[in-house]
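Thank you all for coming. Today I would like to walk you through one structure, taking a loop first, then some charged pairs, and finally the ligand.

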Amino acid sequence: MTVNDYKKRFLDQLPAFYDETERLNLFNMAMEFALKYSKADVVLNGNESILIENQQKIDEVFNRLQDNEPIQYITQQANFFGYDFKVSPATLIPRPETEELVDWILTEMKKQPQKKWQVLDIGTGTGCIPITIKKEFPLAIVSAIDVSVEALKIAKQNAVNLQAEVTFIQQDILQTEGLDAYDIIISNPPYVRNLEKAEINENVLQHEPHLALFVDDNDPLIFYRKITQLAHKSLNENGMLFFEINQYLGNEMKEMVSKYFKSIELKKDFIANDRMMKADFPIK
Ligand SMILES: C[S@@+](CC[C@H](N)C(=O)[O-])C[C@H]1O[C@@H](n2cnc3c(N)ncnc32)[C@H](O)[C@@H]1O
């Protein structure tokens, strides 16, 4: 089999739930994973025969894609903010919406570039948020919490691989009485209601950790309320609380957070959904 033979197989034979652009992207990602080929290498070496052991790797990617497994779990890698993060079935795959949240946070931090910002991320998964902040803002002192031991193993590996000093803490935030003092508290907690399951792609439902995604329909703000209360007590003066939020619950979020903070800003993501919130000036 040559590189071009595989291209044809990916374009012609992947199931219909991948559109044409996705098929080409998946092919390129498979070539990068198995052969370390860039897109340019793929074009230049189209007629090259592939070694049997590499063919086996590509075949495995192809077969798992047919089973609707996200490519990031197959290659065990996801790009976030230009950094390569290891992912596993214990971690959510980092999303572009979360990159937008990090971008907003960094914009605020850069207003005081010499400040040794004390930052906490709650529900860290791969560690994509705290590690990116530490990489982009080396003066910051960064910690992160997750309840999942398996997710924290991956987050710690990512911090080592990307040479970012982050303190990781295994803790159930819903059972937490109080936090240390921080300038910035961030969270992208579980926020999908069971009633929204019908809108979620099958590959997410089948493969991503439900612990990272779902909340009870009867109390979808459970994490936000707890974290808002903890942040209200523990943020330093002029501290800020940042959330990624459920697009359908922007108004409910505003109402809940406004009981604790005077200033609240909602932002939309790149597809114009309410997706991020900043709160500051705690009500004393
Ligand atoms: C939506 S994921 C976010 C992961 C990562 N921050 C990101 O943006 O890609 C939510 C994370 O919260 C963690 N989590 C769920 N329940 C938790 C709890 N009670 N206490 C702390 N973390 C929790 C999950 O393990 C998961 O890693």
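Where is the place of Asp-67? Asp-67 sits in the loop between helix 4 and helix 5, the latter being residues 71-75, where helices are DSSP runs of H or I with at least four residues, strands are runs of E with at least two, and both are numbered from the N terminus.

Before I go further, please keep in mind that this is a predicted model, in which local features need pLDDT of at least 70 and side-chain atom pairs count only at pLDDT 80 or more, whereas totals for chains, interfaces and linings use all residues. Residues are numbered from 1 along each chain as its sequence is written, and side-chain values use heavy atoms, with hydrogens and water left out.

Back to the loop, then. Asp-67 counts as exposed because its relative accessibility is 53%; here buried means under 20% relative accessible area, exposed means over 50%, and partly exposed is in between, with a 1.4 Å probe and protein chains only. If we leave aside residues up to four places away in sequence, Asp-67 touches Gln-206 and His-207, a contact being heavy atoms within 4.5 Å. Asp-67 and Gln-206 are 139 residues apart in sequence, and their C-alpha atoms are 9.9 Å apart in space.

Now to the charged pairs. The structure holds 13 salt bridges, each being a side-chain nitrogen of Lys or Arg within 4 Å of a carboxyl oxygen of Asp or Glu. Among them is the bridge between Glu-60 and Arg-64, whose closest N and O atoms are 2.8 Å apart; both residues lie in helix 4 (residues 52-66), four residues apart, which is about one turn of the helix. Arg-64 also forms a salt bridge with Glu-69, at 2.7 Å between the closest N and O atoms, and in this way Glu-60, Arg-64 and Glu-69 are linked in a network. Glu-60 is partly exposed at 42% relative accessibility, and Arg-64 is partly exposed at 25%, while Glu-69 is buried at 14%.

Another bridge joins the side chains of Lys-115 and Asp-183, at 3.8 Å from N to O. This pair links distant parts of the chain, 68 residues apart, with Lys-115 in the loop between helix 6 (96-109) and strand 3 (118-122), and Asp-183 in strand 6 (residues 182-187). Asp-183 counts as buried because its relative accessibility is 7%.

Which residues are closest to the ligand? Of the 20 residues that surround the ligand, the closest are Gly-123, Asp-146, Asp-172, Ile-173 and Asn-188, a residue being counted if one of its heavy atoms lies within 4 Å.

Finally, look at Asp-146, which is found in strand 4 (residues 141-146). A polar atom of the Asp-146 side chain lies 2.9 Å from the backbone nitrogen of Ser-148. Not counting residues up to four places away in sequence, Asp-146 touches several residues, including Gly-123, Thr-124 and Gln-171.

Conventions. Polar contact = N/O pair within 3.5 Å; in protein donor to acceptor, adjacent residues only side chain to side chain.
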